[in-house]
Structure formats: structure tokens, C-alpha cells
Amino acid sequence: MGKAPPEHARIVIVGGGVVGSSIAYQLALAGEKDVALLERGTLTCGTSWHAAGLIMQLRGGHTSTEIASYNAKFYPELEADTGMATGFKQNGTLAIGRNMDRVHEMQRRASIAKSFDIETRMLTPSEVGELYPALDTNLVAGGMFIPGDGQLSPVDTVNALISGAKMRGVRIFEETPVNGLERLPSGEYRVETPNGAITCEKLVLACGLWTRDLAAGLGARVPLFACEHMYVVTEAMDFVVPDLPVLRDTEGYTYMKEEAGKLLVGSFEPRGKPLPVEKLPAQQRFIEMQEDWDHFELPYTKAIEMVPALEHVGINRFMNGPESFTPDDLPCLGEAPGLRNCFIAAGLNSEGFEISPGISRALAHWIIEGAPDMDLIDYDVARFNPFQVNRNYLKARAPESLGNIFDMPWPFKEHETARPARKSHLHDRLTAAGACFGETAGWERPMWFAPAGVQPENEYSFFRPNWYEHTASECRAARTGVVIMDISSFGKTMVQGRDACAFLQWLCVSNIDVPVGKLIYTHMLNTMGGIECDITIDRRAQDCFVIYSSAGVHSRDMNWMQTHIKADQHVTLTDVTAAYSVLNVQGPLSRELLQSITDTDLSNEVFPFMTAQEIDIGYAHVLAKRQTFIGELGWELQIPSEFVQDVYDIIMAAGKGFGLVQAGYHALEHLRCERAYREFVLDLAPDDTPFEAGLGFIVKMDKPGGFLGREALLPQAGKVLKKRMVNFILTDPEPALFHDELIRMNGKIVGYLSSGAYGFNLGAAVGMGYVRHEDGVTTDLIEGAEFTIEIGCKNYQAKASLKPFYDPKSARVKS
């Protein structure tokens, strides 16, 4: 039994591994002294103790690298602060590629590294061999060396973090398991332990793979599932010296590091071995599972291929311990939906020591200030849907999540497991039409359509994936004829009540008090003026509005709104996504096609842009919304789901006379990039303002009563900005753009692309991204500068513009 905790603390952290101890340390650094950390056993006894302790700064995107790259700076500072060794040494990471696709992926990362001044060196096979003589370089196509990376001692690191926290007043309680959690009427939390109860104003759950079940007691959704994570430690080997770089052989599914003269060989194999919590030993401390050479044979065979000396050395130890994984390989971080001041920090996907410094610093700010100070959308625990805590779903997905740590991060790579989870009412019809499906928020969505004789299967590429020619046909049909898309997965939230209008007026930057049937494109902001929600609103009645969100952020949008309903406001939110299907009919011939199947006048005079009307198609009453996300004349048809099959059949039959083409979400992406429409998460985030995004026209600064975030926008309104969204088109028709490519102005890095796609109707790749310049980003600056886009360490000339390259005056959408 541990010592009794105090009756009250301002902040209680549950979990004494690297995540919990990092948060405790960061809170203490920020001046929080009334903090108690509860650990059910001894520090690190969950999963931190058996971590490999690898430290790598670079990730596949700018946002994730911003979080991760703090580690190399932090650990030396921790040692200096506490006087305690962490074992951190910067022996570097050597990443090797067995093929040129992997080499190109490393080159893309090397470009990203330049934004953060992370030293990287691309290596030839012979240079790889000089750095790591034990490798069979006949298997190596190229490599990348990051000298500032390294490794550390997990247990020593946690002890240093705890020491730094304790010296600033944080209290640590080992042998203090949590038996129950309760939210009190006061909004505080009561934490029950065998040693006594403790109440707190703010609760942090950082319990690794046990967080899911503990949080569920409060009603919080934390989708985690464990897999067995294996590594071996060899006997001593001559070439294993203290400064041997950490080796990452991702095509071989293995990593290798020096371990006191021995070689530690670990793996992220293509499919992990799921481990239900119920199958863990009863004594859940310092858990070691049984050896499983059948499972470990594949990665170890690959390791022997790359390092032949492994074939002749003995194994000193086989370690098999549990690690938890999330459905999308991203952490669960932030305030739990519906639970004010209950924070989650879990699901680090076996990368705890690499990213704990960054996420703990970010979460500490969130805990203290009530909001994050950086873009954490990808990590926000509110992103998950209710079904994603289903254990069958998690068990099916977790093995793939483990494998994805080392799998090739192809553009538009789709998950293969835990599918199908959610299907539209048209799924079977779309399958018969040749749809190749992707998945977002569990929804099966048609990405592209394979013509007769072509298999609807993805062949990924950084240059020309196999669907490009078919998507190009869909994009051209959208510009010259008419296409139909099933976009039923978009989130739909009904906001009702006598205070609904006033509620939305305060949350949104636009005027929401408009006539019934008017559509409003708008944003919801945080107190810093950053964009939290990017939505369209349809006013259905005086006290009823429908809000449309992207499928991937619908749950997060609902949580943002729910959080801001005041106690005395009469407002209800209802998720009506599944109740209505949506068919998107777009293109110059869309009016003629739809006019042939409805008696409602669809003329521009009677049915103007950004309005909605109810029309009849077949036996269905359809809400037709004249709007577009591709930059063409078109309507989104919202249909009660039980009627959608009939309406779809009617449109398809009538469409034969108009050359109607079925189009998927890839076409939607290419078309919206041609027109430079912004997409939330990619182009719009909580650290971007509407003015910076070039969307100031939706902001009504003089709206009576103001809006949340208005004060933060005042310095930007009508001013020249130092950060601005700029559009680009390459002059070379060959390269492809996706995202995170560097923007160079007169040779200097000034930003990176947030979105990119091939402009099939423009003849070259297009992209958009924020350009930063101390003297302001103006038309004169853009027109007078030379721009290049860096793709995998190679620069390509580009034209830049503050306006879209396609239909800059929006004449087509309003025709």
C-alpha cells in the first residue's frame, strides 16, 4: 500500500509512465505546484520500462514534426535542469530504403527537415555502408542520416522527469491504483484509490493502454487496443560500438540500436498481434508476454538479410511487451468530449519517448489556459466517432496500426482492416458501377470509378497512381458536362431551440440571422481568432438550422458547439447524418439534367447560388442546395435515406442523355484544388485566421453583438498581413503535388503547401500554402518574386497568385 493522497489537488494525473511524468514536469515548469500524480505500481511499470528509447525528430508532415522535433532540444535541457542522466546520446538515425520509392519518401522528409533546421544527409548505398559497415549494401537503394537523433534510457528518463517535477512541488504517489472515477455536480472529479479518495479541479488520464477502460467509466471515448510488440537483444557483437547509429530498415520492418555492446532488434511487422486487455497477466506490472518466434520470424529474417552477422550470433533476450495503438496511428490528446477539465493523453503508438516532450508541453498549456496554443487537430481525442470504441473494430484495426508505423506512407493510402463499418444506402449500386472505396470516419466512400475491364484496386505512387487517368476523366466531365457524387458521409448537425440563432450568431463569424433557405459558408473561431470549424449552415426555420461538416471532423465540430452552449440557453444538437443521403450533381449541364426530372424552376433568377429549396424528384421530397466545392454550377441534393435509391436511379436514367459521369472523392480533391477551395485540417486550422486564409469576405466584423474570436481579428482587419494563403501552379507538367512541399521565394523557404493535386483541367499540378514575409504578403510581392516548390529536395518553378487559377471571378458557379 502506498501513502494516502491528499483530499484535494488542483490537478491529478493518473499514470506514472513517460506521458504522465512528462505532463507533470511541464505543468511544474509552468508554475503549477498543486499537482498530484498517481501510479498504481511503481514508476514506468506499465509499458514505459520496456521501450526501446529511440529518439527521432522528423515526421512525414510539418505539424507532426513540430511536435516531435522538440525532443532533441528537450532531453539535454532536462538533464541540465535536474542533474540526472537520461542516457540520451545523439548517435543519429540511419534510415535506409530498399527501393527508390522509399528513397523518394525519405527525400520528401529531408525537405521537411529544412523548415526546422534539422540536419539531414541523403546517402548513396556506398555512403550508407561507410556509416554502417555491417550492412549488406546490395540491398540498399539509398539512405538518410539524421545526426541529431539518438536514443536514451527509458527508466532513467522517467526518473529525471519525476525528479524535476518533485523539486517544483508535484507530489508523487506510487502503489496507488485508481479504482473509480466520478464527476461531481460541482464539475470537479473524485478519484477513488485504496489509500483514500482525492478530488481535483482538473483530471489527466495518461494510463497507456489502460486509459480506454478507465476513461469509459466517465463516459469518455478513447479508442485504444493493445498489440504485442517484440524485440530481441543479441549477444555482444564486434561492430556494435557506442556511437553506432540507430538503424531503421522500414522495408525490412525492423529497427536496430546499440545496447551495451549488443544489438537490439525490434520490429513493426506488416500485421501486429492483437492483445485484448483481458488476456494480460493478473499482475499488470512489468508485463512480459511469451516469446513468439513464429510471429517474429519474418522481421528477424529480414534483419539477417540486411545485417548478415546476425545469423551467427546468439540471442541474449527476447522481449515481448504490450503497446497500445489507435485506429489512425495518431495520439489521443486533449479534453474529453462532454467532460470539462478531463484531459486524455494516451495512444502514442509505441512512440512515447519520441513525442512525449512535444505533446506534454502542448497539453500543459491546454490544461492551464483552457485551450491549446497550436494546431492539435490531428491529435484531438474529440475527432473519434462513438462506434470507434467498439472492441471488435479496435481488435481488427490495431494490427494494421502497428504495421503502419513502418509501412510506406503513400499519398491517399487507405486502411484495409475494420472495413466496412459504415455504408451509404447506395453502396451496392456504386460497387456495381466500379467504385473503388476509401474510408473516412468509418464511412465507405467511392474514391474513383474503374471503367469496364479495370479492377477497382489501388496501386499507390508518389507520381502517377493507377487511378489518375480515370480521375482525370471524371474531372474533365465535371468541367464540360455533368457528374454525380455520393457525399452522404458529410456530417449533418441539426441545431434547434429558441436560442439557436443567438447561439450561432455568437459562434460564427458570418451573419446567421438570414431568411429561411439561405445557405451560409462560415467559420467558428477560438479566442486567438484561429479557425476551429469550417462549415456551411442552412437555415430551415426561425429556430432550426442544419450545419454541414466534413466527415472526418464532424464529431469534433459537434463537440465544439456542445461545449459552447451556455447553461441558460435553449439549444439542442442532433446528429442527423445517417437520416439523410446526399447526391452531388455538378457541372455545366447539371441544371438541364435536374430540370428534366423536377417541375421546380431551377433558373438562376428563381434559384440563385447559395440558396436551398425543397423540390420533388420521383416520390421523394428533396432539399436541393445550390452550392459547390468544385467550382461549377451544381446542386447538392439532400434526400431522406429511405428514398435515395429511387432518386439515384432516376438521375442515372435521365443522365444518359446528358453524358452523366460518376465521380469520386479523388476527383473532388483535384477539382477543389484547381479552384483553390480551402479544406479544413489541411488548409484551415486553429492557428490560421480567416483573413490569413484569404476568406475575410465571410467575416462580419460589424455584426451586432460580435462573435467569439473577434477581438483577436481586430489587428488583422483591413491590414497587410505577414502570413497569407497563396496559390501555385507548376510550370513543368510532370511533377505531382500532395502536401508539405516547401515554398521558396527567391530561394528562401517561406512556407509549405497545405494542399496539392494535379490540375487535370489546367495541365499541371496546383497547390496552396501560407507564405510568410515580415513586410507583408501583397500582390506586388507575389507578382515580383520568383517562386519554386521543393519536392523531395528538388526545386520546380511555379507561378503564384492570390487568386485561383481556375475561374477566379466565380462566374461559372453563379451562371
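Let's start where helix 3 meets helix 9: in this predicted model, the two pack at an angle of about 85 degrees, with their axes 8 Å apart. Angles from 65 to 115 degrees count as roughly perpendicular, and helix 3 and helix 9 are therefore roughly perpendicular to each other. On the helix 3 side you will find Tyr70, Asn71, Phe74 and Tyr75, which meet Phe353, Glu354, Pro357, Gly358 and Arg361 in helix 9. By class, the residues of this contact are 5 nonpolar, 2 polar and 2 charged.

Now stay with helix 3 (residues 70-82) and turn to helix 6 (residues 154-166): these two pack at an angle of about 55 degrees, and their axes lie 10 Å apart. That angle makes helix 3 oblique to helix 6. Their crossing is left-handed. Helix 3 brings Phe74, Tyr75, Leu78 and Thr82 to the contact, while helix 6 brings Thr157, Ala160, Leu161, Ser163 and Gly164. Here the residues divide into 5 nonpolar, 4 polar and no charged.

Helix 9 also takes us to the second largest pocket, as helix 9 (352-369) supplies at least two residues of the pocket's lining. Sorted by class, the lining holds 25 nonpolar, 18 polar and 7 charged residues.

Conventions:
Residues are numbered from 1 along each chain as its sequence is written. This is a predicted model: local features need pLDDT of at least 70, side-chain atom pairs count only at pLDDT 80 or more; totals for chains, interfaces and linings use all residues. Side-chain values use heavy atoms; hydrogens and water are left out. Axes are lines fitted to C-alpha atoms, for helices over the stretch in contact, and angles run from 0 to 180 degrees between N-to-C directions. Helices (H or I, at least four residues) and strands (E, at least two) are DSSP runs, numbered from the N terminus. Angles under 35 degrees count as roughly parallel, over 145 as roughly antiparallel, 65 to 115 as roughly perpendicular and the rest as oblique. A crossing is left-handed if the near helix is turned anticlockwise from the far one by less than a right angle, and right-handed if clockwise. Contact means heavy atoms within 4.5 Å. Ala, Val, Leu, Ile, Met, Phe, Trp, Tyr, Cys and Pro count as nonpolar, Asp, Glu, Lys and Arg as charged, and the others, Gly among them, as polar.
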